[in-house]
Amino acid sequence: DLQQATGGYSHHNKFAHLYINGLYWGMYGIHERTDESFAAAYFGGNPEDYDVLKDNPGSSFPGVVNGSTSDYRAMFNVARSGVSGDEQYELLQTYLDVPGFIDYMLVNFYAGNQDWGDNNFYASRSRVDPNSRWRYHSWDAEISLRGTRENVTGKNDDNGPTGLHQRLRLNAEYRLLFADHMHRHFFNGGLLSPEGAAEIYQRRLAEIDRAIVAESARWGDNRRPNQPHTRDVEWVAERDRLLNNYFPVRTDIVFGQLQGRGLYPSVTAPRFNQHGGVISEGFELTITAPTGTIYY
């Protein structure tokens with residue numbers, strides 16, 4: 001949900017009650033698989049046009065879902081050659097959707113996704129569309145939203161997205177673009193601000209708030225037969241932990257982690273008196289900055 005909210009592409013999910021031959025089996029999430037058919041549906045063309053790769057635990061390189069790894073390997077060869085200079089960085093951008101990649105990384109950093117980097121990702125690119133770029137798709141990110149101080153910003157898995165990010169981090173233009181995206185998402189009610197992230201979470205809460213009763217009745221005693229998990233105890237406690245203790249502080253913590261890695265400058269960005277939304281006739285925009293001179 002977070003990746004989609006940035007304008008990126010991950011699988012859509014819808015919750016449903018599942019019955020097998022009339023027997024209630026629980027609450028399930030029905031979702032897309034981010035394979036070649038997914039890519040063709042959202043980006044155009046035919047499924048056979050796409051190279052699609054998926055994490056391949058135990059191997060040093062992602063596995064092929066469709067197509068081949070040749071273009072992906074070429075992208076990593078460019079990255080390994082050094083992208084601190086403008087020429088190589090511009091070449092890499094002919095392979096990778098860099099703005100979408102930054103949003104993808106920010107979402108995983110924010111969520112503290114521990115089960116990711118060398119595994120649990122899809123990547124796709126069209127072989128026939130000259131404007132197509134590699135896109136990463138969030139996948140199977142259930143080990144997330146745990147401790148408020150989880151820090152995955154140092155992950156560096158050689159042939160995965162984290163390894164690519166660590167190489168790109170050496171380029172000044174990439175760091176500046178990364179800081180721009182941080183400012184968009186972390187401040188002023190943005191997607192990864194305390195209120196922005198909580199709003200996305202609350203949408204899911206509203207969908208399943210009562211359905212959890214049936215789910216806990218069906219499976220709540222699976223691990224604890226003498227003290228079953230219930231909606232009103234365990235589920236409510238986790239809901240409240242996230243709303244009251246996680247989202248309010250997580251933004252500042254991750255911001256500090258990323259700034260510590262040189263991905264946000266020490267200069268405080270100027271502030272507008274309104275950040276988007278409906279602008280009334282006669283509105284006058286003002287820009288203020290704590291220090292320095294504003295150029296516009």
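Start with the aromatic rings: there are 23 aromatic pairs here, counting rings of Phe, Tyr and Trp (its six-membered ring) whose centres lie within 6.5 Å. You're looking at a predicted model, where local features need pLDDT of at least 70, side-chain atom pairs need 80 or more, and totals for chains, interfaces and linings use all residues. Numbering runs from 1 along each chain as its sequence is written, and side-chain values use heavy atoms, leaving out hydrogens and water.

Select Phe 61 and Tyr 72. Phe 61 sits in the loop between strand S3 (50-54) and strand S4 (63-66) and Tyr 72 in helix H3 (residues 70-80), so the pair ties together parts 11 residues apart in sequence. Helices (H or I, at least four residues) and strands (E, at least two) are DSSP runs, numbered from the N terminus.

Now widen the selection: ring pairs link Phe 61 and Tyr 72 into a cluster that includes Phe 76, Phe 101 and Trp 134.

Next, pick Arg 135, which lies over the face of Phe 43, 3.9 Å from the ring centre. Then try Arg 218: its charged end sits over the ring of Trp 219, 4.3 Å from the centre. The rule for both is NZ of Lys or CZ of Arg within 6 Å of the ring centre and within 35 degrees of the ring normal.

Conventions
Phe/Tyr/Trp six-rings, centres within 6.5 Å; stacked < 30°, edge-to-face > 60°.
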